[in-house]
Amino acid sequence: MLRVPLLLRLLAMPLLWMGIVQLSFAELSYFFFKDNVGDAFFESAAVVTLLATFFLLYMRRFPFNAVSTKEAILFAVLTWFTVGFLGAVPIFIITGVSWTDAVFESISALTTTGATVLSGLDDMPKTFLLYRQFLQWMGGLGVVIFVVAVLPMLNVGGMKLLKAETPGPMKDDKLSPRIKNSADRLWYVYLALTLVCALAYWLGGMSAYDAIAHSLATISTGGFSTHDSSMGYFDSSLLLWLCNFFMIAGAISFALHYRVFKAKRFKQYIKDEECLFFLWIILAFSLVAAGVLYFSGYHHSVYEAISQATFHVISFITSTGFGAGDFSSWPMSLMLLLIVVGYIGGCAGSTAGGNKVIRSVIAFRTLVIELKQMVHPNAVFVLKYQKRPVADQIRNSIIAFMWLVFVTSIIFTFLVMLTGEDFVTSFSAVSACVNVLGPGFGDISSNFAPLNSFAKWLLSFAMVFGRLEYFTVIVLLTPYLWRS
């Protein structure tokens, strides 16, 4: 039986957190930036905090440690939409955009998609721009994981909440026996990488403000910028290569980062099959893209072709979505290449979107085994990953996931096309949102403002759909969950 009061009490925690965040930005506006947007944050924070406090106190008879699977899944989905709506309030008040656009921008930030409907960022209040960046950073490892980290009472339900939120096919690989400790350690790594990234950007030539703002979007692989021209604003090759390094860091499993830092053995990055394949994929696609750019005459310098190609391949495969030039004018073959790498995505257990490299590796090995089986029907072949056999359950879930990605992309593209958009615009918009990537092609090469309201609501749903990796949302629409 679904316990609505328990769900409301669980949702009170992300509500309370959003209230604290918005109150903090009100203080930043009042006393630091003094850019006259503090009232918008304060009014929203006051309402949200009072609502959260009411739920926590009034529903306190419902214990946190009794969360069922059904409630955990519903909580994970509701959290993204609830926080997305709350995060939209200051955006709506400050920018004056429609409520549809404000929700789209907020959900895009929290899911680290990076698709925006805003322009004229260079002239917007600094407090507001930093708020957008922080929403991405906050959403990077997930609001749900934050809730688990601050609620040690979730001894039983905690693992269920984390499994409903965590991206990747192997969700039972814990860092420590207690799920709260695992969540804490992931956040420590996340915070450490963000601080190092900010310092590197500052030393590389960014202002302190831009360094902090862009580090929040880089490690979260979100891709929002404080400038309309994104990373291209800085016109710095050094900053692009620093960005490459930290985008890759954000797209590698944070559990792997923790194990490497703890053991101080950096060779573990290379020994991890998914990480190694991820780096090889980046190298291969970057060389192909650089070759096309150079020999097509888009860049007459080999270094410039390599720099631009590598940056945008990494930006797309990590689902960060930063830009450093007009990649929308590249040959159609490179547009397709960037969309493909966006679907491949980063590593499982990272902030990156896409299908995740581990799924691609296992799917490819499954195909190879099936081909071998046709030639040698009586032979027994074992599918292995990291020198260990892969359970049939994992292989089946990966095949189902790949099929679901294909079907979902077709359906969403068809629905967007019904709003009057052409195929290139519709397909790139859908691929940008389900892969939590951000940039698109066609009519949305600059931003998503040209789309109508229905398309934006559809794509807002697609962003949450992709962030929670399909199954978590789809299971809510099936009778199987509700019959249990």
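**Figure 1. Packing of helix α18 against helix α19.** In this predicted model, the axes of α18 (residues 423-434) and α19 (residues 453-467) come within 7 Å and cross at roughly 40°. The two helices are therefore oblique to each other, since angles under 35 degrees count as roughly parallel, over 145 as roughly antiparallel, 65 to 115 as roughly perpendicular and the rest as oblique. Axes are lines fitted to C-alpha atoms, for helices over the stretch in contact, with angles from 0 to 180 degrees between N-to-C directions; helices are DSSP runs (H or I, at least four residues) numbered from the N terminus. Ala429, Val430, Cys433 and Val434 of α18 touch Leu459, Ala462, Met463 and Gly466 of α19 (contact: heavy atoms within 4.5 Å). This contact has seven nonpolar, one polar and no charged residues; Ala, Val, Leu, Ile, Met, Phe, Trp, Tyr, Cys and Pro count as nonpolar, Asp, Glu, Lys and Arg as charged, and the others, Gly among them, as polar.

Residues are numbered from 1 along each chain as its sequence is written. In this predicted model local features need pLDDT of at least 70, side-chain atom pairs count only at pLDDT 80 or more, and totals for chains, interfaces and linings use all residues, while side-chain values use heavy atoms, with hydrogens and water left out.

**Figure 2. Packing of helix α4 against α19.** Helix α4 (residues 99-110) lies with its axis 10 Å from that of α19, at an angle of about 20°, which makes the pair roughly parallel. Their crossing is left-handed (the near helix is turned anticlockwise from the far one by less than a right angle; clockwise gives right-handed). From α4, Trp99, Thr100, Asp101, Val103, Phe104, Ile107 and Ser108 meet α19 residues that include Trp457, Leu459 and Met463. By class, eight residues of this contact are nonpolar, four polar and two charged.

**Figure 3. Packing of helix α1 against helix α3.** The axes of α1 (residues 4-33) and α3 (residues 69-95) come within 10 Å, crossing at roughly 30°; α1 is thus roughly parallel to α3. The crossing is right-handed. Among the residues in contact are Leu6, Leu10 and Met18 of α1 and Leu74, Phe75 and Leu86 of α3. The contact has 13 nonpolar, four polar and one charged residues.

**Figure 4. The largest cavity.** The structure holds one cavity of 30 Å³ or more, and about 60 Å³ of space lies in the largest cavity. A cavity is a set of points on a 1 Å grid over the protein atoms alone where a 1.4 Å probe fits but cannot get out, and lining residues have an atom within 4 Å of a point. Grid points are joined across faces, edges and corners, and the volume is the space filled by probe spheres set on them. Of the 13 lining residues, Gly353, Gly354, Lys356, Gly466 and Glu469 lie nearest the centre of the largest cavity. The lining has six nonpolar, four polar and three charged residues.

Terms used:
1 Å grid on protein atoms, 1.4 Å probe; cavity = no way out; pocket = protein on both sides within 12 Å on 5 of 7 lines; lining within 4 Å.
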